[in-house]
Amino acid sequence: MINFQYTRAGDVSDAVRQIAADPAAKFIAGGTNLIDLMKEDVERPSRLIDISRLPLKTVEETADGGLRIGALVPNSDLAYHPLIGQRYPMLASAILAGASAQLRNMASTGGNLLQRTRCSYFYDLATPCNKREPGSGCSAITGLNRMHAILGTSEACIATHPSDMCVALAALDATVHVAGPAGPRAIAFSDFHRLPENAPQRDTNLQANEIVTAVELPARGFAANYTYLKIRDRLSYAFALVSVAAALELEGNTIKEARLALGAVAHKPWRELSAEAELRGQAANQSTFTRAADVLLRDAKGFEHNAFKIDLARRAIVRALTQAAAGTPQSQSNKKIR
Ligand SMILES: Cc1cc2nc3c(=O)[nH]c(=O)nc-3n(C[C@H](O)[C@H](O)[C@H](O)COP(=O)(O)OP(=O)(O)OC[C@H]3O[C@@H](n4cnc5c(N)ncnc54)[C@H](O)[C@@H]3O)c2cc1C
Ligand code: SF4
């Protein structure tokens, strides 16, 4: 274990001041990802700035009918929040499909966005990994890549973003609010996470001296016709092979509005607007859903062990849209398990 300093931030400005003063420092919220990475020697912060007591723990209604979720709202509290259950049940389903009850009690909204990939080479200091050590190479491209990406990959990295919650946030068109030395700014959810390109060490467009303060949901919640479908090796406590957030607004059997985002297939939650356009104005049936899946996956590329994910994703999209259209979300129940 390396030596590190520990300080506690008094307020958001103090947190920004502290992180700006020490580029090797890291914020700690729930610690469920960062502490694991420190134990494995993957992350070696000079200082932990504890933000867990900052007053960012509320869920508030916004003037335009949406919700503003503080960055420190625990995943469990968010999933079981009555306004989330009523208006954004797809988000509750996605959160409850992730991790375990104990982890969700600790994990924060901001930390969930910033959790790092589960690529096993990223955790293994004995192997090259461009994300951990830029320029060292990518062990997954020619190695064991069953869990890896099929969309948006680069020659530098084929890792996936592991979050479930973020897939629903992408589909719901959320906005991430951050604060830094230059003041607050808002980042559209689709611009928050990055593709690996030639800099896979950067997961997001958050600057090193910025803190996430909140996530905002617009009014439209798709509460009637939605599904979060997570396909994984075990039914609980496992990361996704493929996940789908599907949401529809129907007029009779015609699709008025559609949202479709995939998890565990790319370096970021994958939302393809042309696939949603393929759904809009069409009849809600299997051939429409299959066409949308084909559009979404047209540039998908498999590697030695994960080519099966392309067909898996296609079938998962059709199933998720079918369930959403039928109003039968069939995912994790929102029953209280704490
Ligand atoms: C065994 C296990 C299984 C899991 N399974 C799943 C799963 O199936 N699905 C899923 O989605 N997740 C899963 N997770 C991941 C879990 O959801 C994340 O670890 C958790 O959401 C991270 O939140 P945290 O508050 O603990 O973050 P921390 O560990 O405290 O921080 C994570 C990172 O975010 C940064 N950070 C935290 N808050 C902020 C902020 N406000 N502003 C700027 N930076 C910040 C930290 O500096 C750190 O780099 C699993 C985790 C474990 C350990
Ligand atoms: S896929 Fe990315 S995280 Fe995994 S070994 Fe390659 S560079 Fe590292």
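Author: Start with a side chain. Gln115 has an N or O atom in its side chain 3.4 Å from a nitrogen atom of ligand 1. That is a polar contact, a pair of N or O atoms within 3.5 Å; within protein, one must be able to donate a hydrogen and the other to accept it, and residues adjacent in sequence count only if both atoms are side-chain atoms. The protein covers 93% of the 980 Å² of accessible area that ligand 1 has on its own (Shrake-Rupley method, 1.4 Å probe; for residues, only the protein chains shown count as cover).

A note on the model. It is predicted, with local features needing pLDDT of at least 70 and side-chain atom pairs pLDDT 80 or more, while totals for chains, interfaces and linings use all residues. Residues are numbered from 1 along each chain as its sequence is written, chains are lettered from A and ligands numbered from 1 in the order in which they are written, and side-chain values use heavy atoms, leaving out hydrogens and water.

Backbone atoms also meet ligand 1. A polar backbone atom of Phe27 is 2.5 Å from an oxygen atom of the ligand. For Val212, a polar backbone atom lies 2.9 Å from a nitrogen atom of ligand 1.

Around ligand 1 there are 34 residues, with Phe27, Gly31, Thr32, Ser108 and Asp164 the closest (a heavy atom within 4 Å). Helix 7 gives the most to this shell, four residues (helices are DSSP runs of H or I, at least four residues; strands are E, at least two; both are numbered from the N terminus).

Now ligand 2. Its shell has 14 residues, and Cys119, Cys129, Cys138, Cys157 and Ile158 are the closest. The space taken by ligand 2 is the largest cavity (more than half of the ligand's atoms lie within 2 Å of the grid points). A cavity is a set of points on a 1 Å grid, over the protein atoms alone, where a 1.4 Å probe fits but cannot get out; lining residues have an atom within 4 Å of a point. The largest cavity holds about 80 Å³ (grid points are joined across faces, edges and corners, and the volume is the space filled by probe spheres set on them). Its lining has 15 residues, with Cys119, Cys129, Cys138, Cys157 and Ala159 nearest its centre.

Gln115 returns in the second largest cavity. Its lining also includes Arg116, His161 and His267. The volume of the second largest cavity is about 50 Å³.

Note on methods: 1 Å grid on protein atoms, 1.4 Å probe; cavity = no way out; pocket = protein on both sides within 12 Å on 5 of 7 lines; lining within 4 Å.
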